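Hello,

Here is the structure we talked about. My notes follow below it.

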Amino acid sequence: DPLPMWICGSQLVALNFQTPDKPMQMNQSLFTLNGKCGYVLQAPIMREEQFDPFDKHSVRSTELLSIQLQVLGARHLPKNGRGITCPFVEVEVCGVEYDNSKCKTEIVAVNGLNPTWTAKPFIINISNPEFSFLRFVVYEEDVFSDQNFLAESTIPVKAIRPGYRSVPLKNNYNEDLELASLLIHLEISESTIKENGDAVLATGNPSLRDRATEHSAQGQAYRGREGSFETRYQQDDLRLFQEQHMDQLEPRDRRLLRRTKINGDNR
């Protein structure tokens, strides 16, 4: 497991690339960050003197996450053998020991094409999101009640976004499975623990808040140019209405209407 070494700041961790297992899947997921350029910067909290990767109380300067997750459905799941799949989804948080947790959905009988699950929310609390991964694993239960691996998807927690999301599924070797995906819904709330132990709650993701602020500023600038959006929309509708009725007018009336527009009398 490379996580204990990553948490301690190791820049080089030995992995068995010949084995398609969870450590390799987390390694592939980690390096999807930073534009998949091949390296990932250490978290700023790791450069603080009081930081202890295994002490929950030393991460107070980070934003703590509370995630409400619902697995709603899946589609085009692979199958083992000729039988029909009876899938269920296991949601796992991989990170520091005090953040690790697991939860799973119920089993859907004989439906691997488009199984659905009831909207049952899972509440996940993460104290150190910088070193955590959210892992979805799809299993099937056979006639002997054994769990067989079907697909997985591993995502760094700091890369997830709220709302309805389609999660592409991969095989053991972290290769994309064509058309296979999960439909999930996420609600994320953040809180920052101050030095005095008080928690300050803030809803949403900081990158999303910045993006929303940017879009709001762009919208205000747009409305400030040449009237509001609603006014321009009405003008476009009026112009389209006039063009459609131009074809129904007699040639003489059409020339008269054009002459009126050119002279500016059509107000």
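**Salt bridges**

Glutamate 92 and lysine 22 form a salt bridge, with their closest N and O atoms 3.0 Å apart. Glutamate 92 sits in strand E2 and lysine 22 in helix H2, so this pair ties together parts that are 70 residues apart in sequence. Keep in mind that the model is predicted.

Glutamate 92 also meets arginine 135 in a salt bridge, at 3.5 Å from N to O. That pair links distant parts of the chain too: strand E2 holds glutamate 92, strand E5 holds arginine 135, and 43 residues separate them. Shared partners join Lys22, Glu92 and Arg135 into one network.

How covered are these residues? Glutamate 92 is buried, at 7% relative accessibility. Arginine 135 is buried, also with 7%. Lysine 22 is partly exposed, at 29%.

The whole structure has 4 salt bridges. One of them pairs lysine 170 with aspartate 176, with the closest N and O atoms 2.5 Å apart. Aspartate 176 is exposed, with a relative accessible area of 58%.

**Helix H2**

H2 spans residues 22–30 and is mostly covered, with 7 of its 9 residues buried. Among them are Pro23, Met24, Met26 and Leu30. Their cover includes helix H1 and strands E2, E5 and E6.

**Backbone points to check**

Which residues other than glycine have a positive phi? Asparagine 34 does, at about 60 degrees. Asparagine 34 is in the loop between H2 and strand E1 and is partly exposed, at 39%. Valine 110 has a positive phi near 40 degrees. Valine 110 is in the loop between strands E3 and E4 and is exposed, at 53%.

Best regards

Note on methods. Residues are numbered from 1 along each chain as its sequence is written. This is a predicted model: local features need pLDDT of at least 70, side-chain atom pairs count only at pLDDT 80 or more; totals for chains, interfaces and linings use all residues. Side-chain values use heavy atoms; hydrogens and water are left out. Buried means under 20% relative accessible area, exposed over 50%, partly exposed in between (1.4 Å probe, protein chains only). Helices (H or I, at least four residues) and strands (E, at least two) are DSSP runs, numbered from the N terminus. Contact means heavy atoms within 4.5 Å. A salt bridge is a side-chain nitrogen of Lys or Arg within 4 Å of a carboxyl oxygen of Asp or Glu.
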